[in-house]
Amino acid sequence: MNVRNCRKCGALFNYAMGAIICPKCREEVEVKFKEVKAYIQSHPGAGIQETSRECEVEVGQIQQWIREERLEFASDSMVMINCESCGQPIRSGRFCDSCKNSLANGFRAATAAVRAQQKPVPEKKETNNGARMHHF
């Protein structure tokens with residue numbers, strides 16, 4: 001059993017995975033997420049600061065939801081976050097399209113290099129498990 005203290009309220013809880021917050025605080029965060037999402041939908045021109053103030057949610061939490069691609073502002077909104085690799089402004093996620101492509105190409109190249117270095121597994125010749133044909 002993995003017991004931890006909640007980072008929000010300090011309560012002890014059985015930790016399984018994800019954010020280190022207790023089930024009660026996790027539920028409260030989800031309620032706030034739904035409130036923020038509804039606010040953004042009903043106020044398409046709202047920015048992060050306004051949304052944070054009106055919904056009483058930290059700016060960092062809103063940015064986290066945007067990075068997780070759970071939250072997205074209107075396409076004509078000025079709300080942007082920065083690509084974690086190059087700093088280019090993006091609407092959601094962690095990386096811009098260019099950096100995503102570079103990462104994907106790097107992964108493909110690394111996978112190809114690993115495959116090229118692996119020795120092929122020799123095929124086993126079929127055996128008859130010691131059974132021999134007897135002639136009488």
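Predicted model: local features only at pLDDT ≥ 70, side-chain atom pairs only at ≥ 80, totals over all residues.
Residues are numbered from 1 along each chain as its sequence is written, and side-chain values use heavy atoms, with hydrogens and water left out. Local features need pLDDT of at least 70 and side-chain atom pairs count only at pLDDT 80 or more, while totals for chains, interfaces and linings use all residues.

## Fold

The protein chain has four helices and four strands. Their order along the sequence is β-β-α-α-α-β-β-α. Helices (H or I, at least four residues) and strands (E, at least two) are DSSP runs, numbered from the N terminus.

The protein chain has 136 residues, and 24% of them count as buried. Buried means under 20% relative accessible area, exposed over 50%, and partly exposed in between (1.4 Å probe, protein chains only). A contact means heavy atoms within 4.5 Å. Among contacts with a separation of 6 or more, 23% join residues 24 or more positions apart.

## Nonpolar core

In soluble globular proteins, nonpolar side chains tend to be buried together. A nonpolar core here is a set of buried Ala, Val, Leu, Ile, Met, Phe, Trp, Tyr and Cys residues joined through side-chain atoms within 4.5 Å.

The largest nonpolar core holds 27 residues. Val36, Ile62, Trp65, Ile66, Leu71 and Phe73 have the most contacts inside it. Helix 1, helix 2 (48-55) and helix 3 are the elements that give two or more residues to this core. Helix 1 gives the most, with six residues.

What does Ile62 touch, not counting residues up to four places away in sequence? Its partners are Ile48, Thr51, Ser52, Val57, Leu71 and Phe73.

Phe33 lies in helix 1. Phe33 is buried, at 7% relative accessibility. Leaving aside neighbours within four places in sequence, Phe33 is in contact with Trp65, Arg70 and Leu71. Phe33 and Gln61 are 28 residues apart in sequence, and their C-alpha atoms are 9.0 Å apart in space.

Ser92 sits in the loop between strand 4 and helix 4 (97-117). Its relative accessible area is 19%, so Ser92 counts as buried. Ser92 touches Ile66, Glu69, Leu71, Glu72 and Ile81, with residues up to four places away in sequence not counted.

## Salt bridges

Side chains of opposite charge can pair when their charged atoms come close. A salt bridge is a side-chain nitrogen of Lys or Arg within 4 Å of a carboxyl oxygen of Asp or Glu. The whole structure has five salt bridges.

Arg70 lies in the loop between helix 3 and strand 3 (81-82) and Glu30 in helix 1, so the pair ties together parts that are 40 residues apart in sequence. Arg70 is partly exposed, at 32% relative accessible area. Glu30 is also partly exposed, at 28% relative accessibility.

Glu35 and Lys32 both lie in helix 1. They are three residues apart, about one turn of the helix. Glu35 is partly exposed at 33% relative accessibility, and Lys32 is partly exposed at 25%.

Glu84 is partly exposed, with a relative accessible area of 41%. Arg67 is partly exposed at 26% relative accessibility.

## Largest pocket

On a 1 Å grid over the protein atoms alone, a pocket is an open set of points where a 1.4 Å probe fits, with protein on both sides within 12 Å along at least five of seven lines; lining residues have an atom within 4 Å of a point. A volume is the space filled by probe spheres set on the points, which are joined across faces, edges and corners.

The largest pocket has a volume of about 490 Å³. It is lined by 19 residues. Lys8, Ile21, Val29, Gln61 and Gln64 lie nearest its centre. Helix 1 (23-42) and helix 3 (59-67) each supply at least two lining residues. The largest share, five residues, comes from helix 1.

How do the lining residues of the largest pocket divide into nonpolar, polar and charged? There are six nonpolar, three polar and ten charged residues. Ala, Val, Leu, Ile, Met, Phe, Trp, Tyr, Cys and Pro count as nonpolar, Asp, Glu, Lys and Arg as charged, and the others, Gly among them, as polar.
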